[in-house]
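Dear colleague,

Please find below the structure that I am handing over to you, followed by an account of what was found in it.

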Amino acid sequence: MTALALGVAACGGDDEGGAGGAGKTLNVLIAANTQYPDEFQAWQKDISEKFKAATGAEVKFETFATANDELTKIQTSVVSGSGPDVYAVGTTFTPTAYSTGAFVKMGDEQWQKIGGKDKFNPATLGISGPDDQNQVGIPWVSRPFVMAYNTELLQAAGIDQPATTWDELTAQAKQLTKGDQYGLAIAYKDNFDPWKFVWGMSTQAGNPLIDGKTAKLQDPAVQKAYQTYFGWLANDKVVDPASVGWTNPQALAAFAKGKTGYFLLTTTTATNSLDSGAVKGKWKFALLPTVPPGATSRPAGGVEAASILSGDNLLVADYSKNKDLAFEYVKLVTDQEAQLDYYQKFGNLPANAAALQTLASDQKLEPVTEAAKKSVATPFTGAWADVQLALTNVAVQTLPELTKGPLNTGQLDSRIADAQKAAQSSLDRAK
């Protein structure tokens, strides 16, 4: 059951926030940071202290670990009309949150409370709402997806440039795989990664996963995407068999040991780990391939989707009795100083335009900046969260088979068909 199907039982109350925050507590929901847990805990403490100094109020953080947790929290809060005052959600969950009607729409007054709309990099506003006049998502951080590659290993294999097509990437991965060295590091068990590969390859092939009110998960482009993604492990043998159980931080750690050619689907959040690993001084970022599997150039209708429009948005609950305090918190964490501090600690690119400009001279970030420009928003529909989870479930169900032999395409097709039914059902219920 999606948040869309629930309806809105939430009721707004009198706003009791504002400057007189002494004795009050602001509840903030945010994703757990499994990559830098100690640093994240320290950041929460620092922000809490700064917020209390400015407002007199406490901040209480609540974390979620998976996309399912994220969706469930939105659903239960909408039904009960209570819960976090501020939500930090992935951009792809913003449409589902918007569809509930349970979050504050950002008008001129609201934007001014946090420093003005022009405070933000315009590109980060691309999935804040269905249009400029109906926005609930306030950009917090940006995470365009790229890949990292080991410059030393590619050079030793006679590879001059990182791959620009998925087929070329597979071919290079085979060149790089020998002994205990692998071509690719993939986080097959990550809760957020697998569907992004399928979305990207399918979009590049000219097949939007959602076309209006129609789900298109059984398109041949989707089948080819899954076959390529799973095939790296089951057929091509260019990834460590252990990767069937890896989350993204584990894949990153494996690449950082210096025995892997490429680490796919990463962001600037990996920088600190890479610079402290065996690959220090031997790695660079590059765009993910933008030509779909089975092609040497994008077909007619194909989109040069280098990344999803990715990051986190902040949303203020309409049921909150502490809206003024909520906007004080949002202003604090989106101001230039706080944004640069968060980037330095965790590698998330600032959504604050001035903060982002200060990083323009860093050559290592050039591919990331290009990926940001070539990012494409996922469909703005309340059904998207369920579509995303349906795509992920195909991976979850297929993982146990991947190390046992070649990919069973018949079973894969059956799982894709189930995902299509789930996606279409959600779309049919969506407003």
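Lys45 counts as exposed because its relative accessibility is 53%, where exposed means over 50% relative accessible area, buried under 20% and partly exposed in between (1.4 Å probe, protein chains only). The side chain of Lys45 meets that of Glu49 in a salt bridge, at 2.7 Å from N to O; the term denotes a side-chain nitrogen of Lys or Arg within 4 Å of a carboxyl oxygen of Asp or Glu. Glu49 is partly exposed, at 44% relative accessibility. Both residues belong to helix H2 (residues 37-55), where they are four residues apart, about one turn of the helix. Helices (H or I, at least four residues) and strands (E, at least two) are DSSP runs, numbered from the N terminus. An α-helix has 3.6 residues a turn, so residues three or four places apart point the same way.

Please note that this is a predicted model, in which local features need pLDDT of at least 70 and side-chain atom pairs count only at pLDDT 80 or more, while totals for chains, interfaces and linings use all residues. Residues are numbered from 1 along each chain as its sequence is written, and side-chain values use heavy atoms, with hydrogens and water left out.

Other salt bridges

The structure holds 18 salt bridges. One of them joins Lys113 to Glu109, with the closest N and O atoms 4.0 Å apart. These two residues are also four residues apart, in helix H5 (residues 108-113), and are separated by about one helical turn. Lys113 is partly exposed at a relative accessible area of 31%, whereas Glu109, at 54% relative accessibility, is exposed. A further salt bridge links Lys374 and Glu370, whose closest N and O atoms are 2.8 Å apart. Both partners count as partly exposed, Lys374 at 23% relative accessibility and Glu370 at 34%. Through salt bridges that share partners, Glu109, Lys113 and Asp324 are joined into one network.

The chain as a whole

The secondary structure of the protein chain comprises 17 helices and 14 strands. Its radius of gyration is 22 Å, close to the 22 Å that the globule rule gives for 431 residues, so the chain is as compact as a globular protein of that length. That radius is taken over C-alpha atoms, and the rule is 2.2 Å times the number of residues to the power 0.38. Along the principal axes, the C-alpha atoms fill a box of roughly 65 × 50 × 35 Å. Buried residues account for 55% of the 431 residues. Of the contacts (heavy atoms within 4.5 Å) between residues at least 6 apart in sequence, 77% join residues at least 24 apart.

Nonpolar cores

A nonpolar core is a set of buried Ala, Val, Leu, Ile, Met, Phe, Trp, Tyr and Cys residues joined through side-chain atoms within 4.5 Å. The largest has 56 residues, of which Leu184, Tyr188, Phe230, Trp232, Tyr262 and Leu264 touch the most other members. At least two residues of this core come from each of strand E5 (146-150), H6, H7, helix H8 (194-204), helix H9 (220-234), strand E9 (260-266), helix H16 (384-398) and helix H17 (409-429). H9 gives the most, with eight residues. Leaving aside neighbours within four places in sequence, the contacts of Trp232 include Trp166, Leu169, Leu184, Tyr188, Phe197, Met201 and Leu264. A second, separate core of 33 residues includes Ala88, Val104, Met106 and Ile114.

H17 has 21 residues and reaches 30 Å from its first C-alpha to its last, close to the 30 Å expected at 1.5 Å a residue; the expected span is 1.5 Å times one less than the number of residues. Among the buried residues of H17 are Leu412, Arg415, Ile416, Gln420 and Leu427. The buried residues of this helix pack against strand E7 (210-211), strand E8 (214-215), H9 and H16.

Thr96 lies in helix H4 (residues 94-100) and is buried, with a relative accessible area of 0%. Thr96 and Trp384 are 288 residues apart in sequence and 6.7 Å apart in space, C-alpha to C-alpha. Thr164 lies in the loop between helix H6 (151-156) and helix H7 (166-176). Not counting residues up to four places away in sequence, Thr164 touches Pro289, Thr290 and Val291. Thr164 and Val78 are 86 residues apart in sequence and 43 Å apart in space, C-alpha to C-alpha.

With kind regards
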